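Please open the model in your viewer and keep a residue selection tool at hand.

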Amino acid sequence: MSFADKACHNCRRKRLRCDRSVPQCVKCSTAGRQCLGYGNLLRWTGAVASRGRLAGQTSFAPPPAALPGAGQPPRPFAGSSPVAEWTYSGQTSALAVALPAAAPRPEDAAFSYDARMQLVARLASDDGGDDDGDVEAELSSPWVLTDPLYQDMNYSSRHYLNYFTNRLCKDLVSYDLPNRNPFRLLIPLTRENPLLRQIIIAASAVHLSNLISPSLPPSQTSGQIVCPLNLEPSRAAVRDSMVAKHKALNLMSVALQDINSMPGEVLLAAALFFVNLELIESGKHGWRAHLEGAGRIMSLLQLTKVSSNDLLDYLLSDFFCYSILASAFSPAKTGAAIAESWSSVDPSVLRRAASNSYLCCPPEILEVLRAASQLSNLTTEDSASAEQVPLAAAELIQTAQAFEIVEWANSFNETPDFPCALIQSRIHAGSAHRLAACLYILHAVPAVESLMEPGFGDGLSDALFEHLSCIPEEDPNFKATAWPTFIAGAGTVNLERRAWVMDRLHRVVVSVPWGFIYTAMEVLPIVWGLNGDRETSNSWVQMLKDPELNFLMV
């Protein structure tokens, strides 16, 4: 277990001996205090008070040489910016408040962080203590809402909405570009749509629970155990999530009685976040019903075409991705129902939003995977189908191999603000998805292997592991490798590679704490046991199509 290099901010302020454990020290946890962690604690000013005797006043910050307690008047008000960031690693776990966003350019108006995004601010302490004392006083002082429309919202709700804005949103896109993450536009919509607010709170709460309490087995390579020292904050977040989920389910039932009672994109967003919630929890329970429900809502409201609404395009893109990846491990009947939901979606929607999709997979490869999943559900009992299905599978493999990954990745150079340094990792991520799709076809339609050259599958596997190893943990596209990593691991019989796959998934789930990755780590040993059972003739893909399993890997 790793330890911090210095005492946490709370223990330093109280001059106590700190055990320096991460993500939070035991003294703070047992005393019921929120541990401020070990990273830099920053306070920013410039917020406007919306109530009380300071209403309308703007906070100010003293110059560095004139801190409170050195003969200068205390700050009357300290405001938080719209953006806060949770940082988590083996050395740091702290809530750091970021600087206000830079003034948006005219072309970024749709994604600007304006007053609608600024949810909360803190009242400062009136006593002139030292710097650490001010930090602790701010932590214990009440929240003041900078937007009066949020005045009736409790502390917990504001906290989770803030967490969604600054942590969960990053998981939903490939790269969190400044002012270009459309999912943050959901926050202003929560003011008048309690359904959307409650489901976002539920998803954020369980995501936070997974983040602060990643109950993982020892890493296969490092041998380190990631184990929380205090489970109560995680359990409290789970309870908050369950309460919000219950409210959201009731509100969704009411909304569906009059489907035109709220904007279409809000209702679709709520339905998709029910899917996200299930994926964050485990990815093996109620996601299928919510995904099918989202498809029906989309069809009824005719939300299937390209529009000028970037948020709607991203929602449709996520629906399209979830549907295709769900069909990969769905039985024939369920796969057909899912396919019917997205059959009316304009494919150009996916291509338009794919520039910053969290999956980092070319839409053309997703189309190949969609066709392959349908092909795997066809019966080959008669001689005609026994010949045609492998031929069709071989054609899909050729289509995937002919796709120009480098050209696709370089096309994002034209995207405003997209970092050129990520182009190479997009090439590796896109190549990994293409190779994983080809390996999926080999396992989903085993008869196709007879049409390939000897060692074709081994060559695909070697190349896949090579591309995955070129994407390090600190790369934003690291989170996009979960699906190809699972495919690579499920099909290998090499013990070292199996250990490597488990270790990589171990690292992915620490970085991106979504529960479906935990489920994938539970499923892989079962798949490996099936691969070693010579008495069974079914492939591991067919095993995962068991209707009772409900497995979704994204």
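The stops below cover confidence, an annotated span and aromatic rings.

This is a predicted model, in which local features need pLDDT of at least 70 and side-chain atom pairs count only at pLDDT 80 or more, while totals for chains, interfaces and linings use all residues. Residues are numbered from 1 along each chain as its sequence is written, and side-chain values use heavy atoms, with hydrogens and water left out.

Begin by colouring by pLDDT, the predictor's confidence in each residue, from 0 to 100. The protein averages 75, and 68% of the residues score at least 70. Helices (H or I, at least four residues) and strands (E, at least two) are DSSP runs numbered from the N terminus. Select helix H17 (residues 456-469), where confidence is highest at 95, then strand E2 (residues 93-97), where it is lowest at a mean of 28. Next, select residues 59-118: pLDDT is below 50 there, and the stretch has 151 contacts (heavy atoms within 4.5 Å) beyond near neighbours in sequence. Where pLDDT is low, the predicted coordinates should not be read in detail.

Move to residues 7-35, which an unreviewed UniProt entry records as "domain: Zn(2)-C6 fungal-type"; such annotations may be inferred rather than shown by experiment. The end C-alpha atoms of this span lie 11 Å apart, and the span is 41% helix and 0% strand.

Finally, display the rings of Phe, Tyr and Trp (its six-membered ring), which pair if their centres lie within 6.5 Å; planes under 30 degrees apart count as stacked, over 60 as edge-to-face and the rest as tilted. The count is 9 aromatic pairs. Trp514 and Phe516 form an edge-to-face pair, 6.3 Å centre to centre with 75 degrees between the planes. Trp514 is buried (under 20% relative accessible area; exposed is over 50%, partly exposed in between; 1.4 Å probe, protein chains only) at 5%, and Phe516 is buried at 6%. End with Phe329, Tyr440, Phe486 and Trp540, which form one aromatic cluster.
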